[in-house]
Amino acid sequence: MVVGRDSEEFLLNAPSVILTAGGYEASRELSRQYLGAIWERARVKGTPFDIGDMIKMAHTEEYGNDIVEKIVMSGMEELTDKVVEQGLQDKTLLLKTVVKYNLVVDQHQLENPKLQWNPGIKDGLSTQSLTMSLPLLKSNWTISIIKISFLAVKVACVKALWECKP
């Protein structure tokens with residue numbers, strides 16, 4: 001996978017990649033589909049860009065059910081158990097990563113009590129506190145992963161782009 005930072009590109013070699021994205025609350029279509037017709041009329045405040053682009057992408061032909069495997073669970077522990085069955089090598093590392101992320105996010109919030117999560121603006125909630133940080137910066141809209149539904153998508157690898165390992 002190639003990622004960019006400060007106008008530089010870096011090649012990352014990893015057996016797996018986890019991508020995350022926002023929700024779909026600003027999409028009337030997806031709100032109706034996943035939450036019911038009543039949600040189509042809901043007014044969205046401050047989240048005009050959460051239109052479910054990543055969710056839609058995961059449901060297109062390019063990422064259809066014959067190419068990706070979708071796993072939905074109600075908690076992180078359940079999700080990691082299920083993805084271990086599907087080939088995740090290190091459940092403990094994934095869980096430790098989420099715990100570390102939450103610690104850093106919570107520490108930043110303690111150090112900056114006036115900052116409030118606001119998806120309508122760059123709110124400054126970050127993974128970079130004064131006493132701890134994560135190697136990859138997330139500079140806005142950072143909240144702890146506590147209790148939500150989780151979706152894991154296992155994507156097929158294209159050998160022409162990078163070396164794939166089973």
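1. Element order. Read from the N terminus, the protein chain runs β-β-α-α-β-α-α-β. That gives 4 helices and 4 strands. Both kinds of element are DSSP runs numbered from the N terminus: helices are H or I with at least four residues, strands are E with at least two.

2. Basis of the model. This is a predicted model, where local features need pLDDT of at least 70, side-chain atom pairs count only at pLDDT 80 or more, and totals for chains, interfaces and linings use all residues. Residues are numbered from 1 along each chain as its sequence is written, and side-chain values use heavy atoms, with hydrogens and water left out.

3. Burial and surface. The protein chain has 166 residues, and 22% of them count as buried. Buried means under 20% relative accessible area, exposed means over 50%, and partly exposed lies in between (1.4 Å probe, protein chains only). The chain exposes about 12,700 Å². Carbon and sulfur atoms supply 58% of that area. Areas come from the Shrake-Rupley method with a 1.4 Å probe; for residues, only the protein chains shown count as cover.

4. Contact range. Take contacts between residues at least 6 apart in sequence: 43% of them join residues at least 24 apart. A contact here means heavy atoms within 4.5 Å.

5. Salt bridges, overall. The whole structure holds 3 salt bridges. The criterion is a side-chain nitrogen of Lys or Arg within 4 Å of a carboxyl oxygen of Asp or Glu. Glu77, Asp81 and Lys91 are linked in a network of such bridges.

6. Lys91 with Glu77. The closest N and O atoms of this salt bridge are 2.8 Å apart. The pair links distant parts of the chain: Glu77 sits in helix H3 (residues 76–85), Lys91 in helix H4 (residues 91–111), 14 residues apart. Lys91 is partly exposed at 24% relative accessible area. Glu77 is also partly exposed, at 44%.

7. Lys91 with Asp81. Here the N to O distance is 2.3 Å. Again distant parts of the chain are linked, with Asp81 in helix H3 and Lys91 in helix H4, 10 residues apart. Asp81 counts as partly exposed, with 35% relative accessibility.

8. Lys82 with Glu85. Their side chains meet in a salt bridge at 3.5 Å, N to O. Both residues lie in helix H3; they are 3 residues apart, so about one helical turn separates them. How exposed are the two partners? Lys82 is partly exposed, with a relative accessible area of 30%. Glu85 is exposed, with 58%.

9. Ser27. Where is Ser27 placed? Ser27 lies in the loop between strand E2 (8–11) and helix H1 (28–35). Ser27 is buried, with a relative accessible area of 7%. Leaving aside residues up to four places away in sequence, Ser27 touches Asp50 and Ile51. The C-alpha atoms of Ser27 and Ile51 are separated by 4.6 Å, although the two residues are 24 apart along the chain. The Ser27 side chain also reaches the backbone nitrogen of Leu30 at 3.1 Å.

Conventions. Polar contact = N/O pair within 3.5 Å; in protein donor to acceptor, adjacent residues only side chain to side chain.
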